[in-house]
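Here are a few friendly notes to read alongside the model. Please keep the structure open as you go through the points.

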Amino acid sequence: MLLYNPISTHLPPTPLTLKPTTHHHHQNVTVSSQYQPIPTTVNISISDESLKSKGFNLHRSITNLNLDHLNSVFVAVGFPRRDTTKIQLALENTDSLAWIEYEKTKRPVAFARATGDGVFNAIIWDVVVDPNFQGIGLGKAVMERLVTELLEKGISNIALYSEPRVLGFYRPLGFVADPDGIRGMVYSRKKKKNR
């Protein structure tokens, strides 16, 4: 598991101010704290205009996204072929996404999405770039925009799962593997072998 800029684990201790307030026989306590603001943007390495001039359109919704074409990109990068009905459902439950369409073919060539609680945590999923379009900055373009959108929403705990061979792609984007010994775990239905 990779975490984006995991600063939330080491906020400096700051004094809390407790201020009692009274409303209709109820006593409430307002808690406030001062902390370093989290940057809400990521440097964008390739502008939307530059993408457009190179024949690519950036999209932020599933409108006009052909799921069969997206599935083809998934398969081309080694993901299993997925049921498009399930892809549709997953996308309907996605909080943020970015995808790039190649203008000549009207097909998706780069894609990433994030799910989460909308407040504290998000996980980035399905980061893919069509192999015919890898190495020209499209994966970086969708990731930068996705992370920026999450940060602008105030979400600072951003995680993703990655194959070891592509860790180098995520590090320059601000992701670190296993910060402070934090390890991700996944549920597995594999049966334990009897000894």
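1. Contact here means heavy atoms within 4.5 Å. Helices (H or I, at least four residues) and strands (E, at least two) are DSSP runs, numbered from the N terminus. With that in hand, look at α2, where Leu67, Asp68, Leu70, Asn71 and Phe74 meet Thr84, Ile87, Gln88 and Leu91 of α3. This contact has 5 nonpolar, 3 polar and 1 charged residues (Ala, Val, Leu, Ile, Met, Phe, Trp, Tyr, Cys and Pro count as nonpolar, Asp, Glu, Lys and Arg as charged, the others, Gly among them, as polar).

2. A word on the source: this is a predicted model, in which local features need pLDDT of at least 70 and side-chain atom pairs count only at pLDDT 80 or more, while totals for chains, interfaces and linings use all residues. Residues are numbered from 1 along each chain as its sequence is written, and side-chain values use heavy atoms, leaving out hydrogens and water.

3. How confident is the predictor? On pLDDT, its confidence in each residue from 0 to 100, the chain has a mean of 83, and 79% of its residues reach 70 or more. Please treat residues 7-38 separately: there the pLDDT is below 50, and beyond near neighbours in sequence this stretch has 30 contacts in the model.

4. Finally, the lining of the largest pocket divides into 15 nonpolar, 6 polar and 6 charged residues. Its largest share, 6 residues, comes from β7; β7 (121-129), α4 (138-152) and α5 (167-170) each supply at least two.

Definitions and conventions: pLDDT = per-residue confidence, 0-100.
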